[in-house]
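Please keep the sequence and the coordinates in view while reading.

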Amino acid sequence: MMKLLRTSLDKHEDVEFRFVEFNAWLYQNYDDARAALMEAIAATVVEQTVAKKDSLSETALKHARSLFGRVKKLRLLGLVGSTALDIYSGGHLTPFLAAGMGTVTGLLDGDITGADLKKAQKLATDTYEGGKELVGDKKPESAPEQEEPDSPRRAIQAFRDDLEATLTELGVTLVVLIDDLDRCLPKTAIATLESMRLFLFLKHTAFVIAADEGMIRQAVRSHFENAALDDDLVTNYFDKLIQLPIRVPALGTQEVRAYLMMLFVDADPDLGDDVKDSVREAVCTRLAQSWTGARVDKTFVSETIKTCPPNAECPPGLLNRLALAERIAPILTTSPKIRGNPRLIKRFLNTLSMRSSMARIQSVTVDEEVLVKLLLFERCGDKDAYAELLRAVNESEDGHAAFLRDMERRARGDDSAPELEKPWNEAFHVNWLALDPLLADKDLRGALYVGRESHPIISRADELSSEAMEVLDMLLKLNSASPTVGDEIASLSNPEIGRITDKIITKARGETSWGIPSILNALQALAAASPTSASAIIAFFSDVPSSQIKPSIVPRLAPLPWGRQVLVAFNKRGDLPPTTKNAVVKSMKEKG
């Protein structure tokens, strides 16, 4: 927006503008923000003066040449005035003060000696000589011979007078564009705002500040060392300094969709610059009409491309990305962690581009739409829910997150699917689950692999020995009980048996009908080999929905010690299907 403002002002023919672009963040910890701002302004004015010197009076030239001398003198006054502050705050000291820290420390230790006083005197002399060299002996040419010794007030007023006189002679208006103020530490942010007071009410000057208001308000509170400072007092501070506040409205879905599409258009290598410029102009015109119901969508952009000479066609890859932009724009607009922020959207797409490049370089097959959907979840979703997704993919043989299947059905309006529970029933997660493509039946390992800088992929090979992996594979392939597998399990360490049990139980959670599925053989083998595994399996069955329990499981569980505990728990349920309830009751009577 700063660039747009400058471009717009440059078009004025009745007023000649000169711009100073100042980024306080760049000077933070390296220079005093006030002095740096003054130098930037002086440099711009002097540069303009040099360009017009042939048409200016000698008086105007003297005013312009004196500006730098004024800045140097103010630097010296600031140096002297900030000595105590630097010492007590531990801030960044000037070279002269840094050299004298040992001396000052001696004065502050409570035991002042004659040697300390001599050192302090030398420090003062060195500081004065260093400051004298910084300013230079030569007086500003515009200063009269009878001028009294400078005070801060007199030096500041002299700088203002020289600047205003020079701008008047030049016939220009100075516009100072201050950006990234909200990136600065509170001390630098406030120092920059305070430095603007030097220029208030000067003719031919204007300041434009681009910053997040909330961040600056917090800087004000920090400056006054009161985090609970009354909002009215903070507002009063702003009102006295900023005369025309302009708040940029948040982007809606229409604008976010247009922004995404233009980013995709701009990045497409098959379109020429003329086509991109034509599309950009058409999109801007269309957005101005959005209040009438006009839309910027895939059809509009692709048709606009076709009208560009020489009868250009929308590349297939771009067409897919435009469709992608349509799908993800609403969620990027409403997500509490993005809220249509253009910078965050651009960062999101930068991350997408980086991961797509990584996939190509490492020959990882990744569906870009899957990558986008996972990246959305990683950026905006609940961290525990994302960890659950990652864990499911890690523990799955085929890389599927099967637990998403019922949730995706529910999010798409299938009322027969189980209701969503927290955090999956929150607005973002419901919209994310309903977003194409559905992920329950897709291999997500490749997409998660290229995003492993934020969440590591843990495969079975990472946490199990080769012997344990063989046992896990055998358990997953069991079609009946096997004493051999029991012996193999018994040969493993308890921690590995525990990890295998967790993986088998995770696999078992994907079952929806508990008669005698093949995974029951693995559970039975583990429970027979380890009491700890048996306890975990009993706990697992306590969470199996009653509607999924079939009568055929009862004969399998009844002869087993752990199985009888499961049946006792089943018998206490009031919602077992009648046939299953009868089978459980009959089995318990037979066992006495």
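Ser518 is located in the loop that lies between α26 (494-508) and α27 (519-529); helices are DSSP runs of H or I with at least four residues, numbered from the N terminus. The model is a predicted one, in which local features need pLDDT of at least 70, side-chain atom pairs count only at pLDDT 80 or more, and totals for chains, interfaces and linings use all residues. Residues are numbered from 1 along each chain as its sequence is written, and side-chain values use heavy atoms, with hydrogens and water left out.

Ser518 counts as partly exposed because its relative accessibility is 39%; buried means under 20% relative accessible area, exposed over 50%, and partly exposed in between (1.4 Å probe, protein chains only). Leaving aside residues up to four places away in sequence, Ser518 touches Leu478 and Asn479, where contact means heavy atoms within 4.5 Å. Ser480 is 38 residues from Ser518 in sequence, and their C-alpha atoms are 7.4 Å apart in space.

Which residues of helix α15 are buried? In this helix, residues 298-307, they are Phe300, Val301, Ser302, Thr304 and Ile305. The buried residues of α15 pack against α13 (253-267), α14 (273-288) and α16.

The loop between α16 (316-334) and α17 (342-361) contains Lys337. Lys337 counts as partly exposed because its relative accessibility is 43%.

Val248 belongs to the loop between α12 (231-241) and α13. With a relative accessible area of 59%, Val248 is exposed.

Definitions and conventions. Helices (H or I, at least four residues) and strands (E, at least two) are DSSP runs, numbered from the N terminus.
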